[in-house]
Amino acid sequence: KKIREILDPALQTAGHAARVIGQAAQSDVLCSSLLATEFKDGLQLIEISAQGGFECLTPQLPYVCQGSGKQNADPFLAFIWSVYFGSSRPNINEATLAAYWTVKVAIDLKSSGVGFAPDVSVLEKVTGGPGYAARQLGPNDLKETNDFISEAEGALRSIRDRMKASGGEVSLPPTLSNPGPSGTSS
């Protein structure tokens, strides 16, 4: 009922706009979204599809990317998740690092519709009361996260430099190193 109270006016507005600019107006309303809410068994994150389907995130599906940068964010976040978390769940600092870094990468890759600086908010249990409240992190809150990102990037560059310094060339398998019929490598 609460979601309908939000969606219905937006759909009505899209219907009015569609008369002027066509069906493209509905793309501003029909989008996926996330809902964090508390159930009897605790806080849950729910993905709501553009078609109105609901899916609770689980340990088997612990994160979701949304928006126009999704194509760039999904593989990067999967990489970060596999390196940093594996089978463990991240704490709030680790999750902030993964989310913030992923959005920074999507911005740096000039993903269509993604720009400016990342905004990061965390959902925290209300002290001494029921429920949760969102808190936006500012530049000072993200300083350590930026330092971790710089350190991780430096570590990857260090590995690259060690590989270069080893002097050994990587041998390609014969099927990749032999020219193909058109004179190009296969």
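1. This is a predicted model. In it, ring pairs join Phe76, Phe79, Trp81, Tyr84, Phe85 and Trp101 into a cluster. Over the whole structure, the search returns 5 aromatic pairs. Two of the pairs, both involving Phe76, are described in the next two points.

2. Take phenylalanine 76 with phenylalanine 79. The ring centres are 6.5 Å apart and the planes meet at 45 degrees, so this pair is classed as tilted. The label follows because planes under 30 degrees apart count as stacked and those over 60 as edge-to-face, with the rest tilted. The two residues are 3 positions apart in helix α2, which means that about one helical turn separates them. Phenylalanine 76 has a relative accessible area of 18% and is therefore buried, the limit for that class being under 20%. Phenylalanine 79, with 41% relative accessibility, is partly exposed.

3. Phenylalanine 76 also pairs with tryptophan 101. Here the geometry is edge-to-face, with 5.4 Å from centre to centre and 70 degrees between the planes. This pair connects distant parts of the chain, since phenylalanine 76 lies in helix α2 and tryptophan 101 in helix α3, 25 residues apart. Both phenylalanine 76 and tryptophan 101 are buried.

4. At what angle do helix α2 and helix α3 pack? The angle between α2 (residues 70–84) and α3 (residues 92–108) is about 145 degrees, and their axes are 9 Å apart. The crossing of α2 past α3 is right-handed. On the α2 side the contact consists of Ala73, Phe76, Leu77, Ile80 and Tyr84, and on the α3 side of Ala98, Trp101, Thr102 and Val105. Sorted by class, this contact has 8 nonpolar residues, 1 polar residue and no charged ones.

5. Asparagine 72 is another residue of helix α2. Its relative accessible area of 29% makes asparagine 72 partly exposed, because that class covers values between 20% and 50%. Leaving aside residues up to four places away in sequence, asparagine 72 touches Leu109 and Ser111.

6. Is threonine 96 buried or exposed? Threonine 96 is located in helix α3, and its relative accessibility of 8% places it in the buried class. Apart from residues up to four places away in sequence, threonine 96 is in contact with Val120, Val122, Leu137, Leu142 and Thr145.

7. The charged end of lysine 125 sits over the ring of tyrosine 132, at 5.1 Å from the ring centre.

8. Some totals for the chain complete the picture. The protein chain has 5 helices and 5 strands. Read from the N terminus, the order of elements is α-β-β-β-α-α-β-β-α-α. Of the 186 residues in the protein chain, 20% are buried. Among contacts with a separation of 6 or more, 30% are between residues 24 or more positions apart.

Notes. Residues numbered from 1 in each chain as written. Predicted model: local features only at pLDDT ≥ 70, side-chain atom pairs only at ≥ 80, totals over all residues. Heavy atoms only, no water. Axes fitted to C-alpha atoms, helices over the stretch in contact; angles between N-to-C directions. Helix = DSSP H or I, 4+ residues; strand = E, 2+ residues; numbered from the N terminus. Left-handed = near helix turned anticlockwise from the far one by under 90°. Contact = heavy atoms within 4.5 Å. Nonpolar A, V, L, I, M, F, W, Y, C, P; charged D, E, K, R; others polar. Phe/Tyr/Trp six-rings, centres within 6.5 Å; stacked < 30°, edge-to-face > 60°. Buried < 20%, exposed > 50% of the residue type's maximum accessible area, 1.4 Å probe, protein only. Lys NZ or Arg CZ within 6 Å of the ring centre and 35° of its normal.
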